[in-house]
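Please look over the sequence and the structure shown here before reading on.

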Amino acid sequence: MSSVAWRRIPCKASQVRLDVVLSAGQSFRWHETSEREWRSVLRGKVWTLKQDAEFLYYTVHDPVPAVTSSIKPYYFQLNIDLQDLYKKWSAADINFSKVAKSFTGIRTLRQEPVENLFSFICSSNNNIWRITSMIEKMCSKYGEKVASVDGIDYFSFPTVSSLADPKVEQDLRSMGFGYRAKFINKSAQLITEYGGQDWLLSLRKQSYQDAHSGVCCWGCVGRGWGRGCEM
């Protein structure tokens, strides 16, 4: 990684802490390298991130300008001042004020809806290590290879149509997904009937209640999963 050209954006560690945000169970595809750098597939490219007290550094393997410019507004939502929110929450909640200084830089990621939805289905009655393993298996089988970096192959997240194939349920069961295999396959089929990924993206333009009802109406996604996906 020594020859990699790093870009950087001003971002204090109090605004986002990679070690917490990327490992705590929002997204399950980031992994920390030996150099304390974080790597994953985002928007069809392999990204590597690191930070210091003042800057967030990133590199995109085989970068495309339109993609590299999207990290700030799209994924980490750095246009939102987290320190300002912490002050407001601390003023409103004495319990939050007691722990806020120990847990700085924790913010909600704005993930791709398809990956977010199916990751949350995998998370049912599960732990982070196993969820991560399941999602990587699903990506390597149904996704497309994006790149090889440091000897590791990286794959895109599967499309809705690839997960809607009737054979997927049995395949996933044989890979250890258990009852989640049925929910993944059935959800993909229902999303396809509603209009595919475009329909899922359209829920972002609706009110919280309408989006929540839209996700939960299938019978494959419970209210808890629905709330997580809408975040």
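This is a predicted model: local features need pLDDT of at least 70, side-chain atom pairs count only at pLDDT 80 or more; totals for chains, interfaces and linings use all residues.

Residues are numbered from 1 along each chain as its sequence is written, and side-chain values use heavy atoms, with hydrogens and water left out.

**Helix packing**

Two packed helices are described by the angle between their axes and the distance between the axes. Axes are lines fitted to C-alpha atoms, for helices over the stretch in contact, and angles run from 0 to 180 degrees between N-to-C directions. Helices (H or I, at least four residues) and strands (E, at least two) are DSSP runs, numbered from the N terminus.

| Helix pair | Axes come within | Crossing angle |
|---|---|---|
| H6 (residues 113-122) and H7 (residues 128-142) | 9 Å | roughly 130° |
| H6 and H10 (residues 180-194) | 9 Å | roughly 155° |

Contact means heavy atoms within 4.5 Å. On the H10 side, Leu117, Phe118, Ile121 and Cys122 of H6 touch Arg180, Phe183, Ile184, Ser187, Ala188 and Ile191 of H10. These residues divide into eight nonpolar, one polar and one charged. Towards H7, the H6 residues Phe118, Ser119 and Cys122 meet Ile131, Met134, Ile135 and Met138. Here the division is six nonpolar, one polar and no charged. Ala, Val, Leu, Ile, Met, Phe, Trp, Tyr, Cys and Pro count as nonpolar, Asp, Glu, Lys and Arg as charged, and the others, Gly among them, as polar.

**Cysteines**

A disulfide is a pair of cysteine sulfur atoms within 2.5 Å, and by this rule the count is zero. Cysteine 122 is in no disulfide, and the nearest cysteine sulfur, that of cysteine 139, is 9.1 Å away. Cysteine 122 is buried, with a relative accessible area of 0%. Cysteine 139 is also buried, at 0% relative accessibility. Buried means under 20% relative accessible area, exposed over 50%, and partly exposed in between (1.4 Å probe, protein chains only).

**Serine 156**

Serine 156 lies in the loop between strand E7 (152-155) and helix H8 (160-163). With a relative accessible area of 18%, serine 156 is buried. Not counting residues up to four places away in sequence, serine 156 touches Arg29, Val41, Cys139, Gly143, Glu144 and Val146.
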